[in-house]
Amino acid sequence: MNERSTLTVNEKGHLEIGGADCVELAKTFGTPLYVMDEAYIRRMMRVYRRTIDGEYNGNGMVLYASKAFSCKAIYRIAEEENIGVDVVSGGELFTALQAGFPAEKIYMHGNNKLPHELEEGLNAKVGCIVADGYEEIDFIDREAGKRGIRQKILLRVNPGVEAHTHAFVQTATTDSKFGFSLQDGTAEAITAYALTKENVCLEGYHCHIGSQIFEKQSFSLAVKKCMEFVASMREKVGFIPTKMNFGGGYGIWYTDEDRKLTPEEYAEYVQELIQELKKQASEKGLPLPYLLIEPGRSIVGEAGITLYTVGAIKEIPGVKTYVAVDGGMFDNPRYALYQSKYTPILANRAKEENTQIVSIAGKCCESGDLIAVNVNLPKAKRGDILAVFSTGAYNYSMAMNYNRNLIPPCVLVKDGVAEYIVKPQTYEDLVRNDVIPERLKKE
């Protein structure tokens, strides 16, 4: 069992999360069902915040990367834990504001922010916009001027660090849709350009090297390269940043191929980053900048599980056994996108030994609709409750209505008590925005 969370097995042999019996959760709320452990989420937020407080004299802020999991409740928790958030769309911004999250602690990201999204951010007076283009800077400058404000921005840059992760989630190589390279002069050019804008206040740089990274040296190298660039900008254009955002991307446990880290071990990633930042600043005679980090997956990923009910079982002699569940790629598209690996368990038979290798199939009319391939389970039967671990990040946030399936609800568990934080969709929700033109209406 995953020792870093409140996942346990009770005397009935049932999986529990946050003190709640998963079999009872399935009976009460139905399946598929996302379940989030509030205590784990809060613990992770606190570990990151206390690390900056203790190792960097509080001269910084944790920003929860809400693209990992966005709903009103998670923004309320973030506010209570005294951290900021980053948002990457108008929808995420709207959700945070609807939850009452303070706009000054919102950082707005995105490589192609739409005009209305930038206007929404400016109108809300978000704390900072991470700019990623010349036209975007022009737009911010123009619209900020209309509002009589000077908008704070960071520039997204690429340090050219090759993080060891899946190619689809490497974001800091020279060939990337994100940011400006430190290596080819483009980051220098846009720095000089931003400094000419009257209604834009350039505060510093943003660097995010990828996701699901375990190698600490990747982050230290990114800090080193960024601070070398900062020193060059001081010499070339006289600019010294007051803020540096080094993103997130810390890896989590999905299967036993991944390292198992405690929340305290995640703090070591930030400690090492801070040590390198202090070293580089000292060597280069630079003031220590206000530090921002953006953990997302590592805060909510292992805090979440998904519960399913087993349906059809198809045994193909000598080939494979498929165990089908009532969910699929519509609630977890990550296998279809990246061939991501997961660890499942029969929540109602959690103490039983694994006796077969199976693939977990979804219910979509799609041959690639799989959740896990070649995983170990006890011999499953119809009606079993299947739990998939580490689905708190990029599952609900990536869910869809493919085949007109309903996006599952989400419950938050604390001290054995579960409450909805995302209510179930209905068929009426599916057709709410459908319109039949007059020419197609029945007489």
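Student: At what angle do the axes of helix α2 and helix α3 cross?
Tutor: In this predicted model, the axes of α2 (residues 38-55) and α3 (residues 72-80) cross at roughly 45°. They come within 10 Å of each other.

Student: What is the handedness of the crossing, right-handed or left-handed?
Tutor: Helix α2 passes α3 in a right-handed crossing. From α2, the contact is made by Glu 38, Ile 41, Arg 42 and Met 45. From α3, Ile 74, Ile 77, Ala 78 and Glu 80 take part.

Student: Let us stay with Glu 38. Is it buried or exposed?
Tutor: Glu 38, which is found in helix α2, counts as buried because its relative accessibility is 10%, and the cut-off for buried is under 20%.

Student: With which side chain does the side chain of Glu 38 make a polar contact?
Tutor: The partner is the side chain of Arg 42, at 2.8 Å. Not counting residues up to four places away in sequence, Glu 38 also touches Ile 77, Leu 412, Val 413 and Lys 414.

Student: How far apart are Glu 38 and Glu 302 in space?
Tutor: Their C-alpha atoms are 11 Å apart, although 264 residues separate Glu 38 and Glu 302 in sequence.

Student: What about Arg 49; which backbone oxygen lies 2.8 Å from its side chain?
Tutor: That oxygen belongs to Glu 81, and it lies 2.8 Å from a polar atom of the Arg 49 side chain. Arg 49 is found in helix α2 as well. Leaving out residues up to four places away in sequence, Arg 49 touches Val 62, Glu 81, Asn 82 and Ile 83.

Student: Another helix pair: at what angle do α5 and α6 pack?
Tutor: Helix α5 (residues 115-124) and helix α6 (residues 134-147) pack at about 40°, with their axes 10 Å apart. That angle makes α5 oblique to α6. The crossing of α5 and α6 is right-handed.

Student: Which residues make the contact?
Tutor: On the α5 side they are Pro 115, Leu 118, Glu 119, Leu 122 and Asn 123. On the α6 side they are Glu 136, Phe 139, Ile 140, Glu 143, Ala 144 and Arg 147.

Student: Now the strands. In what order do β1, β2 and β3 lie in their sheet?
Tutor: The order is β1-β2-β3 in an open sheet of three strands, with antiparallel pairing. Strands β1 (8-9) and β3 (20-21) stand at the edges, each with a single partner strand, so one side of each has no neighbour in the sheet.

Student: How many bridges pair β2 and β3?
Tutor: Strand β2 (residues 15-17) pairs with β3 over two bridges. Within this region, Glu 16 stands opposite Asp 21 in β3.

Student: Why is β17 described as largely enclosed?
Tutor: Five of the six residues of β17 (residues 356-361) are buried, so the rest of the structure largely encloses this strand.

Student: Which strands does β17 pair with, and in which sense?
Tutor: Strand β15 (residues 320-325) is joined to β17 by three bridges and runs parallel to it, with Tyr 322 opposite Ser 359. Strand β18 (residues 370-377) is joined to β17 by five bridges and runs antiparallel, with Ala 361 opposite Leu 370.

Student: And β9, how many of its residues are buried?
Tutor: Seven of the eight residues of β9 (residues 151-158) are buried, so this strand too is largely enclosed by the rest of the structure. Strand β8 (residues 128-131) pairs with β9 in the parallel sense over three bridges. Ala 131 stands opposite Leu 155 in β9.

Student: Turning to loops, where is Asn 348 found?
Tutor: Asn 348 is in the loop between β16 (344-346) and β17. Its side chain joins that of Asp 384 in a polar contact of 2.9 Å. The C-alpha atoms of Asn 348 and His 14 are separated by 4.7 Å, with the two residues 334 apart along the chain.

Student: Lastly, is His 208 buried or exposed?
Tutor: His 208 is buried, with a relative accessible area of 11%. It is found in the loop between β11 (200-206) and α8 (216-237). The His 208 side chain reaches the backbone oxygen of Gly 210 at 2.9 Å, and a polar atom of that side chain lies 3.1 Å from the backbone nitrogen of Gly 248.

Conventions: Residues are numbered from 1 along each chain as its sequence is written. This is a predicted model: local features need pLDDT of at least 70, side-chain atom pairs count only at pLDDT 80 or more; totals for chains, interfaces and linings use all residues. Side-chain values use heavy atoms; hydrogens and water are left out. Two strands pair if DSSP finds at least two bridges between them. Helices (H or I, at least four residues) and strands (E, at least two) are DSSP runs, numbered from the N terminus. Buried means under 20% relative accessible area, exposed over 50%, partly exposed in between (1.4 Å probe, protein chains only). A polar contact is a pair of N or O atoms within 3.5 Å; within protein, one must be able to donate a hydrogen and the other to accept it, and residues adjacent in sequence count only if both atoms are side-chain atoms. Axes are lines fitted to C-alpha atoms, for helices over the stretch in contact, and angles run from 0 to 180 degrees between N-to-C directions. A crossing is left-handed if the near helix is turned anticlockwise from the far one by less than a right angle, and right-handed if clockwise. Contact means heavy atoms within 4.5 Å. Angles under 35 degrees count as roughly parallel, over 145 as roughly antiparallel, 65 to 115 as roughly perpendicular and the rest as oblique.
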